[in-house]
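Here are my notes on this structure, written as numbered points. Keep the 3D view open as you read, and find each element as it comes up.

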Amino acid sequence: MDLKDLYRDVIVDHNRHPRNFREIPDADRRADGFNPLCGDKLTVFVKLDGDRISDLSFNGSGCAISVASASLLTESVKGKTIAEAEALFSQMHQLLTRDDDAIDVTALGKLGALSGVREFPARVKCASLCWHTLDAALHQQEQVSTE
Amino acid sequence: MSAVHAAAGDSPALDIAAIRRDFPVLRRTVRGLPLAYLDNAASSQRPRAVIDAMSHYYENSHANVHRGVHTLSQEATDLFEGAREKVRRFINAKSTKEVVFVRGTTEAINLVAQSYGRPAFGPGDEILISWLEHHANIVPWQMLCQQTGATLKVAPIRQSGEVDYDAFAALLSPRTKLVALAHVSNALGTVIPVHRFIAAARALGVPVLLDGAQAVPHMKVDVQALDCDFYAFSGHKMCGPTGIGVLYGRESLLTAMPPWQGGGDMILAVSFAKTVYNGLPYKFEAGTPDIAGAIGLGAAIDYLESLGMERIAAAEHALLVYANERLATVPGLRFVGTAPDKAAVVSFTIDHVHPHDLGTILDHEGVAIRTGHHCAMPVMEFFGLPATARASFAFYNTRAEIDRLVAALHGAREMLG
């Protein structure tokens, strides 16, 4: 377990310069995610065009893993349908928690940079917070907590 | 345990190298590096003497206490009550009747809330705490307020992390039924000048509970000199076992309080017509207690006393001074909590590096610190921070460990800053 497996260049870059880090004032869906263990707080904003996610953003504060994960999420999910986003959530969940190679990391593109997180069990919730928050937004729950 | 030697002059200092040999865990490595354990405010480590006392009890004398006439029951009872006497002497309570064994500080405070507060408090009554408190000295009072209609009042703090005494005094009134204060802040290390606060409360006849979880391990505590009514602390923060703690209560108050939990050991006689409760402190100790935990706590007290609380306090203060100097050299580091009188706790943030990332990066260097809200979310809110990093020192820590902390922080800045 090398720290560089966790803090890969892509992660460090997205933490320093998070993409889609803004509010969408007329968002169709939004939800707040909270990780009480470390105090991470994220809000995810979703703009829908039918069942397609036409715009997606987040703001809040968190550790490098949670900010980078949220930033990568917005890039990957924007333009996808709700069903496609949920399928990706399921794949990310497996990527972050499973030890085997059931997931084709290369197919996940930049999101694959988060594969190192599973070697750091204490940090899995940091990476998954934004996904749970997006899921809550899509299901019209207002709040989600990792506890 | 011959860890005290005469240093230059006539002030004996602690022999830290010898002390470190008393703590088996300090020999281990983390990720191939020697463990630098700087998370003592969360829980301290155990010396061999504590582990041995508990093992010896289990291997030789275990039976239930206060029950049998057989040899083992008598030995277990003697060891258990012997530990209570050690606690009494350690905090200078008048009587062992005033020493109630509980699971820890949290349970002690809940006991006072439910047994002292719940039958007596009602709408219009106030409980006064401070903004610095650990959740264990907030939530039991919120629950009590929901149950009784009483109101929770909170004395503010200053940017330095000190409780604002004038604001506290202004909040004291004839409506105040109880004051509950930390003796030492777990999140910031502030030592609250409790004598002043207690004197103000006593002038109005208001009883005072002190949360001493962070004080007892690091300074001489004398409950009679403090003149407090309740004092709560935990074994595991003072080199003792987890699962054991103490509620000190002034005898006159404990006598008037109803039992908290019912069961065995807290009764003298039970019939369906009438049950007669046991005397102090057993009235508050329903069920089989943590006998081994109490014995381990007694051994921890013996160990701390063999070193001397004054010498422990001096060693830890020297570590605090050194840590403050060295940490100030880290670019972007901000101290959170800068009260002039502090226990050996340093809370800080580093610009552009989240505390949670610091925790992971430092762990890779074998350095264990706490990161997060430290079970004091109102304190974090006061400073507008989601979390801080906190290094907290015990007498067995070294300057070399602080150097490793500082080096790892520089590394974290390079990686993420």
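1. Start with the two domains of chain B. Their centres, taken over C-alpha atoms, are 29 Å apart. Domain 1 covers 51-305 and domain 2 covers 308-416. These bounds come from an automatic or database domain assignment. Domain 1 of chain B puts 21 residues into the contact, and domain 2 of chain B puts in 22. Two residues are in contact if their C-beta atoms, placed from the backbone, lie within 7 Å. On the domain 1 side of chain B, nine of the residues touching domain 2 are nonpolar, nine are polar and three are charged. Here Ala, Val, Leu, Ile, Met, Phe, Trp, Tyr, Cys and Pro count as nonpolar, Asp, Glu, Lys and Arg as charged, and the others, Gly among them, as polar.

2. A word on the model and its labels. This is a predicted model, in which local features need pLDDT of at least 70, side-chain atom pairs count only at pLDDT 80 or more, and totals for chains, interfaces and linings use all residues. Residues are numbered from 1 along each chain as its sequence is written, while chains are lettered from A and ligands numbered from 1 in the order in which they are written.

3. Now the sheet of chain B. What is the order of the strands in this open sheet of four? The order is S15-S16-S19-S18, and the pairing is antiparallel. Helices (H or I, at least four residues) and strands (E, at least two) are DSSP runs, numbered from the N terminus. Strands S15 (333-336) and S18 (370-372) of chain B are at the edges with a single partner strand each, so one side of each has no neighbour in the sheet. On average, neighbouring strands here are turned by 30° against each other, direction ignored.

4. Look inside that sheet. S16 (residues 345-350) and S19 (residues 388-392) of chain B pair in the antiparallel sense over four bridges. Two strands pair if DSSP finds at least two bridges between them. B:Val346 stands opposite B:Ala391 in S19(B). Helix H12 (residues 355-363) of chain B packs on the sheet and touches S16, S18 and S19 of chain B. The direction of H12 makes about 155° with that of S18(B). Axes are lines fitted to C-alpha atoms, for helices over the stretch in contact, and angles run from 0 to 180 degrees between N-to-C directions.

5. Two backbone details in chain B deserve a check. The loop between S16 and H12 of chain B holds B:His352. Phi of B:His352 is near 70°, a positive value in a residue other than glycine. The peptide bond from B:Leu280 to B:Pro281 is cis, with omega near -5°. B:Pro281 lies in the loop between strand S14 (275-277) and helix H10 (291-307) of chain B.

6. Chain A has a sheet to compare. This open sheet of four strands runs S3-S2-S1-S4, with mixed pairing. Strands S3 (52-61) and S4 (143-145) of chain A take the edges, each with a single partner strand, so each has one side without a neighbour in the sheet. Strand S1 (residues 29-35) of chain A and S4(A) run parallel, joined by three bridges. A:Gly33 stands opposite A:Val144 in S4(A).

7. Helix H5 of chain A links several points. H5(A) lies across S1, S2 (40-49), S3 and S4 of chain A, at about 150° to S1(A). H4 (residues 82-97) and H5 (residues 124-138) of chain A pack at about 160°, with their axes 10 Å apart. H4(A) and H5(A) are therefore roughly antiparallel. Angles under 35 degrees count as roughly parallel, over 145 as roughly antiparallel, 65 to 115 as roughly perpendicular and the rest as oblique.

8. H3 (residues 64-77) of chain A also packs on H5(A), at about 45° with axes 7 Å apart. H3(A) and H5(A) are therefore oblique to each other. Their contact includes A:Leu73 of H3(A) and A:Trp131 of H5(A). By class, the contact of H3(A) with H5(A) has ten nonpolar, two polar and no charged residues.

9. Last, the two chains meet. In this contact, 16 residues of chain A face 14 residues of chain B. Helices H1 (3-6) and H2 (9-16) of chain A each supply at least two residues of the chain A side.
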